[in-house]
Amino acid sequence: MAKDHTVKIDTAIEAPRSRCAPSQAIAALVACVGAIASAQAAAPYPDKPIRMLVGFPPGGSTDVLARQIGARLGEALGQQVVIDNRPGATGNMASETVAKANPDGYTLLMATVSSHGINPALFRKVPYDPVKDFQPVTLVATYPLVLAANPAAGARTTRQLIELAKAKPGQIRVASSGNGSPGHLAAEIFKSMSGADLLHIPYKGGAPSTIAVLANEAQVTFATLPGMMPHLKSGRAIALGVTTAARSPALPDVPTIAESGGLAGFDVSSWAGIVLPARTPKDVVSRVHREIIKALQSPDMVSRLSAEGANPVGNSPDEFAAFIKSELAMWAKAVKQAGTQI
C-alpha cells in the first residue's frame, strides 16, 4: 500500500524554525507589514523630488518667478523642485492638475491672478474651485504691468498711442499672453476708457506675446515687468506707462497710464503665489511656507525681484486665502464691466 505523504498544515508550521500556531504566524506577518507601512508613512518630508506646475510656457514672468522660488525651495528642502510647464487656458490646465493631485506636498502650483482671480469669472466654467480645491501657502509677489511698444510702432507715450489707434482703427495690434489674461483685460479696460481701437491678438503665454512685439508682429502689449524688463533695458521695446496707480520703483521715470494717458483711475496689477492641493497635511504646509518665507526675506532675493519690477510679499496661508477671495470678487466685477467672457 502506498504511503500517504500528505503533510498537514499545522505540522508544517511546527517545523523546527517556527513553533507558532497558524493564527500567531498570521498575526506576526500582519504586524510586520504594518510596521513597514508605518515606517514608510513616517518618512520625513520630502523624500523625493517635488513638482511645481506653471500654467504658462517657459520664459514668461510666472515661469521666471517659479524657477527662482523653486531653486531656493529645493535647496532648503534637500530635494529637487522640478518646474512643470502646463500652458493652456491661462492657467486652467495646470490648476486642474494640481487640484486633482494627491495632497501629499509633492505637487505645488504657482497660482496667478489669472487662475485664482480672473478665470472663474471669465470662463463659463472652470475645471476646479479656486477656493475649495486648494490650500494657500503664501503670496509670493505682486507686480504692475507695463504698456510696452515696439520702437517702430510710432508711439512714445500713452497719449500718442491713443491718438494713433484712433487715427488707424483696428490696425494697431495689442498682444497678450492669452484670452482672459491680465494683459488682455488690461487692454480691454484701456480700450474702454480711452476709446482707442486696438486689435487684440492672444498668444500662448507671456514669452510668445513679448516676442511678437519685439518682432513687430504686434505693436504693443500689456506685459508683466519681470518678463519685459530686459527688453526695455536693451531698447528693443519702449515703456509707455505702468498700469498701477503709482509708479514702479523699478521704472521710476516711466509714468503711470493714468498720468501719461489722462485715464484717471486706471489701476491693474498682477500677482503670483504658491498653493497646494486641499487637504495637504498641516505640517507639510507649514514646512513649505516656512522655507518660501525665508527665501523671500533673503537680501539677494529681495534685490533680484525688485530689480525685475516685482514686489516680494510673503504672507500667511490665512492671509493669502483672504487675498484670493478678495481678488475673485474684484475681477468678477472687472470682467463684467469689460463685457468679456470665454
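**Salt bridges in the predicted model**

The side chains of Asp63 and Arg67 form a salt bridge, with an N to O distance of 2.9 Å (a salt bridge being a side-chain nitrogen of Lys or Arg within 4 Å of a carboxyl oxygen of Asp or Glu). The model is a predicted one, in which local features need pLDDT of at least 70 and side-chain atom pairs count only at pLDDT 80 or more, while totals for chains, interfaces and linings use all residues. Residues are numbered from 1 along each chain as its sequence is written, and side-chain values use heavy atoms, with hydrogens and water left out.

Asp63 and Arg67 sit four residues apart in helix H3 (residues 61-77), which means that about one helical turn separates them. Helices (H or I, at least four residues) and strands (E, at least two) are DSSP runs, numbered from the N terminus. Asp63 is buried at 3% relative accessibility, whereas Arg67 is partly exposed at 39%; here buried means under 20% relative accessible area, exposed over 50%, and partly exposed in between (1.4 Å probe, protein chains only).

Arg51 is partly exposed, at 30% relative accessible area, while Asp84 is buried, at 16%. Together with Arg86, Arg51 and Asp84 are linked in a network of salt bridges. The structure holds eight salt bridges.
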